[in-house]
Amino acid sequence: MQPPSRRTFLALGLLLTAGGTLTACTDTHDDPDRDGPDDRRPDPDEPLRLRAVAATDTLLAGYDALLAGPGAGQAAQLQPLRAEVAQHRAALATGLPTPSASGTPSSASGTPSPSASPTAPAVTTQAALAALEHQTAQAHLADLVVASPELARLLAAVSASGALHATALGDTTPPAAPADSPSESPTASATGPALGNEALTALQGALSAEHAAIYGYGVVGAKLPEDQQRADARTAYAAHQARRDAWQRLLAGSGATPVAAAGGYQLPFPITDAAGAARLAAHIETRLTTVYADVVAAVPGPQRATAADALREAALRAHRWGAAPTAFPGLPDPGPSTAPTPTSTP
């Protein structure tokens, strides 16, 4: 990686996207024209949410089975992860019907709601729990194509969190490659329906973010010694180049002109040593999770798996560079943002 020009700066404001709080990413059933729970309109997301909640209940039971067994020393590591899984369940269950007066959960579609006390899976080791986290993270992506944009975004974030959990627990199984990878499908016609304006805007934003990330890793690599961190920076640099090239091919195949790299970028903070370089790398990847969460919601169903894969990879890299964990990678915090905005090159 070449060191940056003195006249060039990194604008990580390019990696910011507008977004609401987590509650804005979930569906509600409020309808002034409906009087009671039996008259509410069918929600096409309901069976998807039921499946996601059922899978999450099984995962929670796995945590409980391991926590109840021998090896109490694992609790310090497992409890925070379990708490995040419980947050996932609460978000995924938003809008689902509550148990009936008879105590039997039910739904408007006639599909039983997931049990609050599933049979505990045979989880007796941390490796088994890691495998269950991996399996559940993959399962959450199965309904991306048919989910509403808001639910697809939530599923992708929850799946990325599950991948982080699996890694923390020692899982090394590579995730399944997305079937709609843009690197294998250079044209829009090969990947599904033509891209609409919202999808094109989101993908151009992702391409802009990758341009900034590539430059940012040039800064990172220039401040790191020749050790594993610098090797990791080279790997990330190449990965972002591949993403950039893939989005350029997809956009060009859709008849759009891919956005070019900006002429100048501004660093979010001074980078003077290896610690600052690692902090910048974590900042880049964290901002990219936000970008790709929004891409998941904006693109057509068949292309969501690629955006979810990019979200997961950014979340994993952010964690490796020292970013603080979050239960919903890519979804904005409810507090106000203090991130920098783009500035022009001097």
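Biologist: This is a predicted model. What makes the pairing of the side chains of aspartate 309 and arginine 243 a polar contact?

Modeller: The distance between the two side chains is 2.6 Å. A polar contact needs a pair of N or O atoms within 3.5 Å. The pair therefore qualifies, at 2.6 Å against a limit of 3.5 Å.

Biologist: Where is aspartate 309 placed?

Modeller: Aspartate 309 is in helix H9, which covers residues 304-320.

Biologist: Why is aspartate 309 called buried?

Modeller: Its relative accessible area is 14%. Buried means under 20%. So aspartate 309 counts as buried.

Biologist: Take glutamate 285 and arginine 317. How do you know that they form a salt bridge?

Modeller: Their closest N and O atoms are 3.0 Å apart. The cut-off is 4 Å, between a side-chain nitrogen of Lys or Arg and a carboxyl oxygen of Asp or Glu. So the pair of glutamate 285 and arginine 317 passes.

Biologist: What makes this a link between distant parts of the chain?

Modeller: Glutamate 285 is in helix H8 (residues 274-298), and arginine 317 is in helix H9. They are 32 residues apart. Both glutamate 285 and arginine 317 are buried.

Biologist: How many salt bridges does a search of the whole structure find?

Modeller: It finds twelve. One of them joins aspartate 64 and arginine 82, with the closest N and O atoms 2.6 Å apart. Aspartate 64 is in helix H1, arginine 82 is in helix H2, and 18 residues separate them.

Biologist: What about aspartate 245 and arginine 244: what joins their side chains?

Modeller: A salt bridge, at 3.0 Å from N to O. Aspartate 245 is partly exposed, because its relative accessible area of 28% lies between the 20% and 50% limits.

Biologist: Now glutamate 84. Why does it count as buried?

Modeller: Its relative accessibility is 14%. The limit is 20%, so glutamate 84 is on the buried side. The residue is found in helix H2 (residues 75-92).

Biologist: Which residues does glutamate 84 touch, leaving out those up to four places away in sequence?

Modeller: Ser161, His165, Pro325, Thr326 and Ala327. Histidine 165 is 81 residues from glutamate 84 in sequence, and their C-alpha atoms are 9.4 Å apart.

Biologist: How many cavities of 30 Å³ or more are there?

Modeller: The count is three.

Biologist: Which element gives the most to the lining of the second largest cavity?

Modeller: H4 does, with three residues.

Biologist: By class, what does the lining of the second largest cavity have?

Modeller: It has three nonpolar, six polar and one charged residues.

Terms used
Residues numbered from 1 in each chain as written. Predicted model: local features only at pLDDT ≥ 70, side-chain atom pairs only at ≥ 80, totals over all residues. Heavy atoms only, no water. Helix = DSSP H or I, 4+ residues; strand = E, 2+ residues; numbered from the N terminus. Buried < 20%, exposed > 50% of the residue type's maximum accessible area, 1.4 Å probe, protein only. Polar contact = N/O pair within 3.5 Å; in protein donor to acceptor, adjacent residues only side chain to side chain. Contact = heavy atoms within 4.5 Å. 1 Å grid on protein atoms, 1.4 Å probe; cavity = no way out; pocket = protein on both sides within 12 Å on 5 of 7 lines; lining within 4 Å. Points joined across faces, edges and corners; volume = space filled by probe spheres on them. Nonpolar A, V, L, I, M, F, W, Y, C, P; charged D, E, K, R; others polar.
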